[in-house]
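Q: I have a model open and want to learn to read it feature by feature. Where do we begin?

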Amino acid sequence: MARSKGDHRTGQLVRSISGQDEMFEKSYEEVLETRRSQPVECLGRSFENDKKRREFFLEKLRRKLKDPEFRKIEGFPIGADEDILALSDPPYYTACPNPFLAEFVKCHGRPYDPEQAYHREPFAVDVSEGKTDTLYKAHGYHTKVPHRAIVPSILHYTKPGDIVLDGFCGSGMTGVAAQWCGTAPTAFRRELEQRWFKEGRAAPEWGARHAVLGDLSPAATFIAANYNIPFDVHAFAKAARKLLDEVEEEIGWMYETFHTDGKTRGRINYTVWSEVFSCPECVGQVVFLHEALDKNTQKTRSVFPCPHCSAELTKGNLERSFETLVDAASGEAWKRIRFQAVLVDYSVGKTRFQKEPDSNDLSTLDRIDNLKLPSSIPTNAFPIDEMYHGSRLAPKGFRQVHQMFLPRAAQSLAAMWRRADGWEDQRLRNMLLFFVEQAVWTMSLLNRFRPTGYSQVNQFLSGVFYLPSQHAEVSLAYVLSGKLERLVSAFSSRTLPK
Ligand SMILES: C[S@@+](CC[C@H](N)C(=O)[O-])C[C@H]1O[C@@H](n2cnc3c(N)ncnc32)[C@H](O)[C@@H]1O
């Protein structure tokens, strides 16, 4: 098999698919439960159970990581051995170049046979697949391709059991498609077969293909691995729910608020923060959202009057205003643009309300400000000079990762991450991290407040580090409860083909 650039780089994922027929008869959980305690075959070796398989290959990977030549491979991730081992599930997924790749190809591939010349007509068809599929949406990725759009090409160019390589796999949709060739629902199969028949093509050969996936980005391979390696969906749902409940127990007080009657307790969904500027004419303080938001249309006006001197203000002529805080990581003075909490969106039971933050809300925020920065929040410096948007971050005072999170967001993310990262079962641990990691961007200061938006989740501008003047600081439960339901539904539907 030809090796692409990607094979030599950081993350590699090797995924073997077998036993697809079994999936049609039993529920996925039943299959996995049985498999967990059963002897397994992997790369020509037999193991008492899957745990033993993992232990065996982890030990091999541990030894390989000590080999200086191995680490010299271009693009090798910058990471400690223990971190690479903790993420990896070898031989299927290694968070570094996969040393088991050759063995995998030897085991599952077929040597090229010149007697059986390979020939296919070019597959030139228009592919149109929506991006609403729950599995497609289980994890975002830039330039992500729907697996349903890849399936026809795999069916055309390969046979069941062949190896498909994607050395630039991103979120791993090629692997999902390779599996789908064996597990696609009947409706999808019928529709494709009828289309191909009308186009005069031979009937597709359904059946899973093996997939070899690689990517320069360790984050991509982590996402791809979680998309492709089977897991116990039911156990995952239970574990995630447990973690959410535990975190609620630990940091629930941070999201408690009082209804406007002053006594009924509510749960905060999100708090809106506005950047505070100063007027170029009178130097008076201008809370952007207070002045720019048109309460009737819920849109921000491009021109609005200064509340002090009535001067005509625009986003362009406002002066930046700074505040000096104590940096939670270094304990030193930290100067950054000024923000003020202006709106609290909360629920009492199932009813939603909004109010201005009251003195109780402000004292809760003060209390959180005084907490220590959790150790799991990264304090790495941004490579400002190498970033396209670095020039926009640094002048506003943002130079390190932790500075992108308000104290409450940092505390709750860390509480959840710590628990997910500490989960004992390796496969569920990675799936829990896959779940929690999806709250990171939206819980940062990059998340914009969209007054007319249905939800305030994932309102950051993708692909750039744009710090908005109006930020929706969403609560962990607001972000993750719905996400959990959608993940469970996505992965259950994938694994229970009809
Ligand atoms: C267009 S994205 C692929 C998205 C993918 N089709 C999906 O559905 O998620 C291209 C990927 O190539 C990866 N990449 C870029 N240069 C690479 C290299 N030299 N070796 C391996 N991967 C690379 C990027 O990290 C990115 O994930």
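This is a predicted model: local features need pLDDT of at least 70, side-chain atom pairs count only at pLDDT 80 or more; totals for chains, interfaces and linings use all residues.

Q: Which residue of β16 stands opposite Leu-325?

A: Trp-334 in β16 does.

Q: How many residues lie between the strands of the hairpin of β15 and β16, and which one takes a positive phi?

A: There are 6 residues between β15 and β16. Gly-331 takes the positive phi, near 75°.

Q: Which residue has a positive phi although it is not a glycine?

A: Begin with the general idea. Most residues other than glycine have a negative phi. Here, Thr-143 has a positive phi of about 50°. Thr-143 lies in the loop between α6 (101–108) and α7 (147–157). Keep Thr-143 in mind, as this residue is also among those that come nearest to the ligand.

Q: Which residues does a cis peptide bond join?

A: The general idea again: most peptide bonds are trans. In this model, a cis bond joins Pro-90 and Pro-91, with omega about 5°. Pro-91 is found in the loop between α5 (81–87) and β4 (93–94).

Q: Now the ligand. Which of the residues around it come nearest?

A: List the shell, then pick out the nearest members. The ligand has 15 residues around it, and Tyr-141, Thr-143, Val-145, Ser-171 and Asp-215 come nearest. By class, the shell has 6 nonpolar, 6 polar and 3 charged residues.

Q: Where do polar atoms of the protein lie 2.6 Å or 3.0 Å from an oxygen atom of the ligand?

A: Look at side chains and backbone separately. A polar side-chain atom of Tyr-141 lies 2.6 Å from a ligand oxygen. For Asp-215, an N or O atom of the side chain is 2.6 Å from an oxygen atom of the ligand. Val-145 uses its backbone: a polar atom there is 3.0 Å from a ligand oxygen. As for burial, the ligand taken alone exposes 600 Å², and the protein buries 75% of that.

Q: How many cavities of 30 Å³ or more does the structure hold?

A: Count first, then take one and read its lining. The structure holds 3 such cavities.

Q: Which element gives the most to the lining of the second largest cavity?

A: α13 (359–369) does, with 3 residues. β8 (265–278) and β17 (339–348) each supply at least two. Lining residues include Met-254, Ile-268, Val-344, Asp-361 and Arg-408. By class, this lining has 6 nonpolar, 2 polar and 3 charged residues.

Conventions
Residues are numbered from 1 along each chain as its sequence is written. Side-chain values use heavy atoms; hydrogens and water are left out. A residue is near a molecule or strand if one of its heavy atoms lies within 4 Å of it. A polar contact is a pair of N or O atoms within 3.5 Å; within protein, one must be able to donate a hydrogen and the other to accept it, and residues adjacent in sequence count only if both atoms are side-chain atoms. Accessible areas come from the Shrake-Rupley method with a 1.4 Å probe; for residues, only the protein chains shown count as cover. Ala, Val, Leu, Ile, Met, Phe, Trp, Tyr, Cys and Pro count as nonpolar, Asp, Glu, Lys and Arg as charged, and the others, Gly among them, as polar. On a 1 Å grid over the protein atoms alone, a cavity is a set of points where a 1.4 Å probe fits but cannot get out, and a pocket is an open set with protein on both sides within 12 Å along at least five of seven lines; lining residues have an atom within 4 Å of a point. Grid points are joined across faces, edges and corners, and a volume is the space filled by probe spheres set on the points. Helices (H or I, at least four residues) and strands (E, at least two) are DSSP runs, numbered from the N terminus. Two strands pair if DSSP finds at least two bridges between them.
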